[in-house]
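Here are a few exercises to work through with the model open beside you. Take each task on its own before reading its solution.

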Amino acid sequence: MKKYREDILVFVFFVITTSAIILTRNLNNLDEVWIFNTARNVANGLLPYKDFNLVTTPGLPIFCGMILKIFGTEMFIMRIMAIITNSLIMFIIYKILKTFKIKKEFSLLISIIIMKLLIESMCIDYNFIILLIALITLYIELKTYKKSNNIFEYNLRKEILLGILAGLSITMKQTTGICFVIAFIGYKLLAVRNKEDFRSVLKISIIRFLSSMIPVIILLIYLLCNNIMNEFIDYAILGIKDFSNSISYLNLLKGN
């Protein structure tokens, strides 16, 4: 019970700290405004790609739009979600560090330092959501390995759940999500030493791949049912090569 009490206190600490950062911040983060606007559009019944521009997969706007539909289309609700997301990120980092038998005081200090580095960017954002998914996946993998001391241990339910979780990252942002899923599915190949290891990895990889496609298939069904597949391809796939979000160094030197 003491162990859980400590974890609860640490999580509450991160909630209070991130709340103080996020709730008192001026509205000057354009990503925060853009993501709120896309979520508000979904909450108001508009369709991504067809009724408003979107260059990423629509998982985050759909999820946030559902929350806004229930609790109200206010930026305050988005910031509450940002607090929960960032608090969980810091808490999982803390738990991962403790998995490596780092003292809780140092684990907490390192987590606070990382939080300090992320302060300016903290909001509800697809990159933070994917980071949270990756950290949860890593933590589960480390805990499993710690218990069995066998990287090839196989548990069908765990592999399916991890696969679905990883697949959600593709629905949040297609480019980053695909890279993460590839790494998630294939990283155990680095530990293969013989044919038996390879057979184990192959079985795990197939299950992870199939389960990671479940969120993607649900997304495709959503696109087809709303007749926006062509628009999705134009914006989120073909449009990537034309999307630019950079500023030249020359302009930075000339500017303020």
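This is a predicted model: local features need pLDDT of at least 70, side-chain atom pairs count only at pLDDT 80 or more; totals for chains, interfaces and linings use all residues.

## Exercise 1: the open space

Task: Find out which residues lie closest to the centre of the largest pocket, and which elements give two or more residues to its lining.

Solution: 

Step 1. Start with the volume: the largest pocket has about 550 Å³ of space.

Step 2. Look at the centre. The lining has 20 residues, and Gly59, Phe63, Ile129, Leu168 and Met172 are the closest to the centre of the pocket.

Step 3. Go through the elements. Those with two or more lining residues are α3, α4 (75-99), α6, α7 (156-172) and α9 (195-225).

Step 4. Sort by class: 17 residues of the pocket lining are nonpolar, 3 are polar and none is charged.

## Exercise 2: a helix pair

Task: How do the axes of α6 and α8 cross, and which residues make the contact?

Solution: 

Step 1. Take the axes of helix α6 (residues 126-148) and helix α8 (residues 174-186): they come within 11 Å and cross at roughly 10°.

Step 2. Angles under 35 degrees count as roughly parallel, and α6 and α8 are therefore roughly parallel to each other.

Step 3. List the contact. From α6 come Asn127, Ile130, Ile133, Ala134 and Thr137, and from α8 come Thr176, Gly177, Phe180 and Phe184.

Step 4. By class, 5 of these contact residues are nonpolar, 4 are polar and none is charged.

## Exercise 3: an aromatic pair

Task: What kind of aromatic pair do Tyr49 and Phe232 form, and which parts does the pair tie together?

Solution: 

Step 1. The count of aromatic pairs comes to 7.

Step 2. Tyr49 and Phe232 are 5.4 Å apart centre to centre, with 75° between the planes. Planes over 60 degrees apart count as edge-to-face, and this pair is edge-to-face.

Step 3. Tyr49 sits in the loop between α2 and α3, and Phe232 in helix α10 (residues 229-237), so the pair ties together parts 183 residues apart in sequence.

Technical notes: Residues are numbered from 1 along each chain as its sequence is written. Side-chain values use heavy atoms; hydrogens and water are left out. Axes are lines fitted to C-alpha atoms, for helices over the stretch in contact, and angles run from 0 to 180 degrees between N-to-C directions. Helices (H or I, at least four residues) and strands (E, at least two) are DSSP runs, numbered from the N terminus. Angles under 35 degrees count as roughly parallel, over 145 as roughly antiparallel, 65 to 115 as roughly perpendicular and the rest as oblique. Contact means heavy atoms within 4.5 Å. Ala, Val, Leu, Ile, Met, Phe, Trp, Tyr, Cys and Pro count as nonpolar, Asp, Glu, Lys and Arg as charged, and the others, Gly among them, as polar. Rings of Phe, Tyr and Trp (its six-membered ring) pair if their centres lie within 6.5 Å; planes under 30 degrees apart count as stacked, over 60 as edge-to-face and the rest as tilted. On a 1 Å grid over the protein atoms alone, a cavity is a set of points where a 1.4 Å probe fits but cannot get out, and a pocket is an open set with protein on both sides within 12 Å along at least five of seven lines; lining residues have an atom within 4 Å of a point. Grid points are joined across faces, edges and corners, and a volume is the space filled by probe spheres set on the points.
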